[in-house]
Amino acid sequence: MGVGVVGAAGGSRDGGSRAGAAGAPRSAAPEATTTTTTTPATTTTVADADAVPPLSTTLAEGLRSDDVLLLQQRLAEIGFDPGPRDGIFGRMTKQSVWAFEKLVLGTPRTEMTGTVDAATWEALFGDVRITPRRSTNGQADHTEVYLREQVLVVFQRDVAVLVTHISSGELDADGAPEEYCETATYDTDAQGRELDEPVTKQVCALAKTPGGVFTYDRQVEGKRISPLGGMWDPVYFNYGIAVHGAENVPAEPASHGCVRIPMHISEYFQSIISLGDRILVWNGDQEPEDVSERDSLPSFDYADPNATTTTTSTTTTTTPSAVADDTGTDDPSGAAPADPATPEPAVSTTTTVAAEVTPGDGGAEVDGADG
């Protein structure tokens, strides 16, 4: 069975270059060819039945078998990284199956199962080809993000080298960005300048992941503690919005606006993209090039109208503990992964200063709107 799929993306500013997965040199991205492909085109043909390994039972999370090992090997071969190829159907394997269901089989996000039955197995071992919605004619690397499908694809010279399930900005019951109000601690101002002392404010914003055309402009290696939580290996492309690793990448949109990817993928994500690469984001309603400049902006912080009229500044004498914005695990046992670099407990002194809270205070959080 052969499957051809068409995809989408947008980006940030300049910043150095990295070699791709195969170590090939990179070139600057030319203008992408614009076509109207909001809905990916999928074609299917039946493969030689003798080429499809037999499947003994439907595969699902928690199962351990040789068939699961074959599944993992095949997913990795076509770019849907399932994590370790160990024959155990864990959370990471399930997330890669989600991505396959949504992008290749065309299964709506709300109907994906994360299981592999006979029909999915046959499709998996067919001729699977992922092609970009915005071809560069093989001249440049770029990323396409499909918010409706909750899938991200990294293309190197139009070849898909990574396809992954994502979780973007949380939506309300009407499908619009959810409003959130939280206490956030800032160590930079709205222009990204470091503050003498961190400032804690009660703020609100919309969990908006905007569509549009962007470029990757900066990145942080390792764990970044943003005002709203922890992010792993973030690569920024739209103010404080980044593609970053998270312990929890659920089936539904759930972030503050960033694009969450599974932790095992974030560990090498920065090595398969380059700062300056384009990243196009399809919002499900418009082509990225048709999104207005205003609509492509993230949601900027504003003061919580229900907050108290005090702000707190905190000085710490050691690095504060890292608090992730999510909980969850890719381990099928359900055990939470250990933090690879857990700092010593912070010793802090806190001073509370009276301050009037004015609606509109703050601005785009430059170092990470999401955890």
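Predicted model: local features only at pLDDT ≥ 70, side-chain atom pairs only at ≥ 80, totals over all residues.
How many of the five residues of strand β15 (residues 278-282) are buried? Five of the five are, so β15 is largely enclosed by the rest of the structure.

Next come the neighbours of β15. Strand β4 (residues 141-146) pairs with β15 in the parallel sense, over five bridges. Within that pairing, Y146 has W282 as its bridge partner. Strand β9 (residues 212-215) also pairs with β15, but runs antiparallel to it and is joined by four bridges. Here G212 stands opposite V281.

Stay with β4 for a moment. D141 belongs to this strand. Is D141 buried or exposed? D141 has a relative accessible area of 8%, and buried means under 20%, so D141 is buried. The side chain of D141 reaches the backbone nitrogen of R157 at 2.9 Å.

D158 lies in the loop between β5 (151-156) and β6 (159-165). Its phi is positive, near 75°, although D158 is not a glycine. D158 is buried, with a relative accessible area of 15%. Y239 lies in the loop between β12 (229-238) and β13 (241-246). Y239 is partly exposed, at a relative accessible area of 43%, whereas D158 is buried.

Now the helices. Helix α1 covers residues 66-77. At 1.5 Å a residue, its 12 residues should span 16 Å. The end C-alpha atoms are 17 Å apart, which agrees. At the start of α1, a side-chain oxygen of S65 comes to within 3.3 Å of the backbone nitrogen of D67. After the helix comes G79, with a positive phi near 95°.

Which residues of α1 are buried? They are D67, V68, L71, Q72, R74 and L75. These residues cover an arc of only 165° around the axis, which puts them on the same side of α1. The buried residues of α1 pack against α2 (91-103), α3 (118-124) and β3 (127-131). The face turned away from the buried side carries the exposed residues D66 and E77.

Helix α4 (residues 263-272) has seven of its 10 residues buried, so α4 is largely enclosed by the rest of the structure. The buried residues are M263, H264, I265, S266, F269, Q270 and I272.

Step back to the whole chain. Its secondary structure comes to four helices and 18 strands. Of its 371 residues, 49% count as buried. Among contacts with a separation of 6 or more, 71% link residues 24 or more positions apart. The chain exposes about 16,700 Å², and carbon and sulfur atoms supply 50% of that area.

Key:
Residues numbered from 1 in each chain as written. Heavy atoms only, no water. Helix = DSSP H or I, 4+ residues; strand = E, 2+ residues; numbered from the N terminus. Expected span 1.5 Å × (residues − 1). Buried < 20%, exposed > 50% of the residue type's maximum accessible area, 1.4 Å probe, protein only. Arc of directions from axis to C-beta. Contact = heavy atoms within 4.5 Å. Polar contact = N/O pair within 3.5 Å; in protein donor to acceptor, adjacent residues only side chain to side chain. Pairing = 2+ DSSP bridges. Areas by Shrake-Rupley, 256 points an atom, 1.4 Å probe, with all protein chains shown as cover.
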